[in-house]
Amino acid sequence: MGSFIIRRLGLSLVLLFIISIISFFIVTLTPGSPYPWGELNPKISAEVKANFRKKFHLDRPLHEQYALTMCDLFTGNLRSIKDDRPVMLRIMERLPATLALNVTSILISLSFGTLLGVAAARYAGSWQEITGSFVTFIFIALPGFWISYLLAIVLVTTFGVPILGTQSYGIDFPNPAAEWLDRLWHLLIPATVLALGGIAAQSRYLRATMIGTMREDYIRTARSKGLREEVVLYKHALRNSIRPIISGIGMLLPALISGAVIVENIFAYPGMGRLGYEAVLERDYPTLVALNFVVAALVLLGNLISDILSAAVDPRVRLE
Amino acid sequence: MLKIEHLQLGFTSPTDGAITPALKGVSLELAKGETLAIVGESGSGKSVTALAITRLLPTPPAVYQGGRILFEGHDMLTATDAELRKIRGGRIAYVFQEPSTSLNPVYTIRSQIAEMITLHRPDVTDIDGEIIRWLDAVGIIDPKGRLHAYPHQLSGGMQQRVMIAMALSARPDLLIADEPTTALDVTIQKQILDKLRELQRDLGMAVLLITHNFAIIKGLARHVAVMYRGEVVEYGETEQVLRNPVHPYTKALIACIPRLGDHRRRLPTIGEL
Amino acid sequence: MRSLITLLTGSEKNRPASRFLRRFLSNPFALPAVVMILLFVLIALGTALLSSFGHQWPCDPNLTNLEQKLLPPSSLHWLGTDNLGRDVLSRMLHGAYISLTVGVVAVSVSLGIGVLVGAISGYFGGLTDQILMRSVDALLCFPTFFLILTVVAILGPSLINIVVIIGLVSWTGTARLVRAEFLTLREAEYVKGARVLGQQSWKIIMHHILPNAAAPILVTAVLGIPDAILSEAGLSFLGFGVQPPQATWGNIIADGKTYLLYAWWLNLFPGLAILIASLSFYLAGDALREAAEGRD
C-alpha cells in the first residue's frame, strides 16, 4: 500500500508541473491585450503601462515569465488587478466555502448514486428501472442554470427556504444549532443542484458495473450459501463494483467546479467559481492564471485521494 | 432424502422468447449419507440439474416447466424464499467447478467461511477456531497462517479445498459438487477426491457428484445416473453399470476411458460408437 | 418494430451492421431519441435556409416592438415575447440553428484533435505515448467550462471562437478512447501481417485500425454534442456566449433573468428546448454505446 501511494504521489507531482504550464500559457498565449484597460485608452500614460509590464514580467521571454509568475503565485507577490491583494489570499478566502460545497455535493452524489445504481442493477429490465434510467438521463441533460432558477423560485416562494449566500444575515439565531441549520440549508440547495449530474453519472456507471459483477461465479456461491439478496448485492457485489465509482470521484470534480461557476453565481455563494466569474468579467489575468492552477491542483489532489481510497477498498488495485 | 421427479426445465432466449428445453423429465433419488454421481458430456444438463435443486438458476431466463423436487419433505419448487435460504448452505451446500472465480476476491477466506458459520450455526462461539479446524480437515497446511489470505494468494488446489471447507462448515446434509476437480491438475484431483471421500465418511453426509469423467466415480459413488441431452439414459449401481452398461451412450462413454495396458492406437470417440 | 428493422437492413439478417442496428433499436429510447434529433436538425436547418432567402417564420427574431414586450404566450405569439417585444418562438427557432452548429462543429474539432493524438499515442507508444498521456491527464484536471470561460473572455465571444475553444478543450476523452483501441488493435494479427508486408504506418492506421475503432468514436461524438450545446448555453447565460441580438437559447434565458417571476415563458421554453435536445443526444448516444459494446 505504501509503495502504491508513493508511486501515485510521484505521478501527481509530474502532473502538477504540467498543470502549472498549462494554466500559465493558456492565459498568456491567448491573443488579446494583457492590459485590463483598452490599448488605445488615452488616459493611461506610458509610464503606467511600463510599470504594469514590469510588475507582471511582460517584458521578459516567455519561459522566464512562466517561472517568475509561478514564484510570485506562491510567495504572494502575484496580485490581483482588481484590488492589488495577493491572489493566493483571495483564493484561500474562498476555499472553505468551495470545499464545503464540493464535499457535500460529492457525498450526495455518492450516496444517492450508489443506492440508485444498485437498485437499477437489481431490477434491470423492469419498467420501473427503465423509467428510473430515463429520469437519470434528464438529470444529466438538465442545464444547471435553468434548474437552479426554477428550484430557487419554487423553494423561496412556496417553502420559504433561504438560499442565497452562505447564511441569512441580520437574523439573531436562538442557539448555535439553529445557526448551523441555517448554514446547512444554504449549502444544501446549490450542492444538490451540482450533485444531480453526479448522481446520474454514478448510478449509470454503477448499474453497468454491477450487472457485469452479478454474472460472476462468486455471486452464485454467495447465493448458494443462503444469503439474503440484499447481502449478496451490498456486501458481495458492491464491494467488487465500487472501485471504478470511487476513482470516478476524480472525474466528478472538474465537472463539479465547472457547474459551480454558474450555480455559485445564481445562489450568490462565495466560492471559487464565483471568484472566477468575477475575475473573467474584470479581465483580472493574474487571478485567472492562479485560479485555473489552484483549481486544477485541487482536482489533482482529489484524484489522488480517490485513487488511494479505491486501493484501500479493493486489494487488487495495489498490485498495479 | 432427495427426490427429483420428472423435472422439466427450459431457457428462454433473450431475443425472441422461444424456450429451449434443457431438462426433459429428469428423475433421480438420493438416500441419506450416500453418494450419487451424475455423469454426462457438456450440455447434457447435469450442472443445470444440480443448480435447479435449490433454485439457484436465475428465473429469467430459466423456466421450470414441470416435475417435482423433494428434499427431506420440502417441495423445493414451491418453497418460499425464506425456506430456500435456510436450506441453501445450511442443509444443501455447493462446491463449484472454478475455485478461482467462485471465491469473492475482495474478502479474506476467513471472512468468507465465517459468513457461512454465523449464518447457519449461530451457536458457534469460537469462529476462528472452527474455521481452522475445517481448513485442517480439508488438508490445508498451516491453516492459522492462511486465515487472512485473499483467494488470489492461494493455488488452485488450495482454493478448492477452501471452498469445500466453506461448504462443509455449515454441516450440510447434502454436498453438491459440480465438477469439483475438472479445473485442477490431475495430481491434485486425486488428492481432493480422496479427501472428499474421507470427509463424507466422517460426516455421514450425502454427496451429489457431477462430472463428465466416468473414471473418477469408481469407489466414490454407489449409484450413478448417466445424462444425455437433458435426460437420464441410465441409472443404477455404479459397479453394475460399469460392468454391464445397457444404453449405447453409456457403453460409448465407458469405452472412451483410457486404460492402463490399453494397446489401442487410436482412442474411440462417442460419435463413432 | 421488427418490420422496421427488416425494412432497414434488408433480408440479410446477419451482417454486423444489421446486428448493430437491431441492438441499437432494441433500446426503448433509441427510436424516440433519433426522431427528436432529426426534428431538431430539420428545424434548425430549415430556419437557416428560409432566412437565407429572406423568409422569417413566424416573424423576424430581431424585430423589437416595445409596446408588445413581455407578453405571455398567445395565439399571436405562440411562446410569448421577450423584454424587447421580440417573438420568442422565432428567436428559439434561430437559437436551434446556433445550438446545432455549435454542437456539430465543436465535436468535429474535438474529434479531429482527439483521434490524431490518440492514434499517435496508441500506435507509436513509448515516450511519445507517455508525454501525450500525461498531458491529457493534466488537462483533464481542469474544469472544462471554467477553461472555456477564461479563454473566451480573453479572446472575445463570437460563434467561431466559442466552437473552436469548446473543441480544443474537449478532445481528451476521444484521445484516450482512440489510444486504448489502438493499443489493443496494434497487436492484432492482421496488423502485424500488414507491417511485415511493408505497408506504411499511416495506411495501416487508416485501413485496418480506424474502421474497427469507429463505433466507440461515433459514440463519443454523439455524446459530445449535448456537452457542447450545454457549454454554449452556459456561456450565453453568463453573457460570454454568442452576443445579442443574435438569438441563442441561453441568451433568451439570460435576458429573461430579471423578469423571471412574472415572465416564466422566457425561462421555461428555452430551458425545455435545451433539455430535450441534450436528452435526445444522450439517449441516442447511450443506445449506440450499448449496441457497440454488445458486439465485442
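Two residues are in contact here if their C-beta atoms, placed from the backbone, lie within 7 Å. The model shown in these views is predicted.

**View 1. Surroundings of Leu208(B) in the predicted model.** Apart from its neighbours within four places in sequence, Leu208(B) contacts Leu30(B), Leu36(B), Ile38(B) and Ala50(B), together with Leu174(B) and Ile176(B).

**View 2. The largest nonpolar core.** This core has 229 residues. Leu208(B) is one of those that touch the most other members, along with Leu175(B), Ile148(C) and Leu149(C). Helix 4 of chain C gives the most to the core, supplying 16 residues. In soluble globular proteins, nonpolar side chains tend to be buried together.

**View 3. Packing of helix 4 and helix 8 of chain C.** Helix 4 covers residues 88-124 of chain C, and helix 8 covers residues 172-186. Their axes are 7 Å apart and meet at an angle of about 35°. The crossing of these two helices is right-handed. On helix 4 of chain C, the contact residues include Gly114(C), Gly118(C) and Gly122(C). On helix 8 of chain C, they include Leu177(C), Phe182(C) and Arg186(C). By class, the contact between the two helices has 10 nonpolar, 6 polar and 4 charged residues.

**View 4. The contact between chain B and chain A.** Chain B gives 21 residues to this contact and chain A gives 17 residues. On the side of chain B that touches chain A, helix 2 (81-90), helix 3 (99-102) and helix 4 (109-120) of chain B each supply at least two residues. Helix 2 of chain B has the largest share of that side, 5 residues. By class, the side of chain B that touches chain A has 9 nonpolar, 7 polar and 5 charged residues.

Key: Residues numbered from 1 in each chain as written. Chains lettered and ligands numbered in written order. Predicted model: local features only at pLDDT ≥ 70, side-chain atom pairs only at ≥ 80, totals over all residues. Axes fitted to C-alpha atoms, helices over the stretch in contact; angles between N-to-C directions. Helix = DSSP H or I, 4+ residues; strand = E, 2+ residues; numbered from the N terminus. Left-handed = near helix turned anticlockwise from the far one by under 90°. Nonpolar A, V, L, I, M, F, W, Y, C, P; charged D, E, K, R; others polar. Core = buried A, V, L, I, M, F, W, Y, C linked by C-beta atoms within 7 Å. Buried ≥ 20, exposed ≤ 12 C-beta atoms within 10 Å, placed from the backbone.
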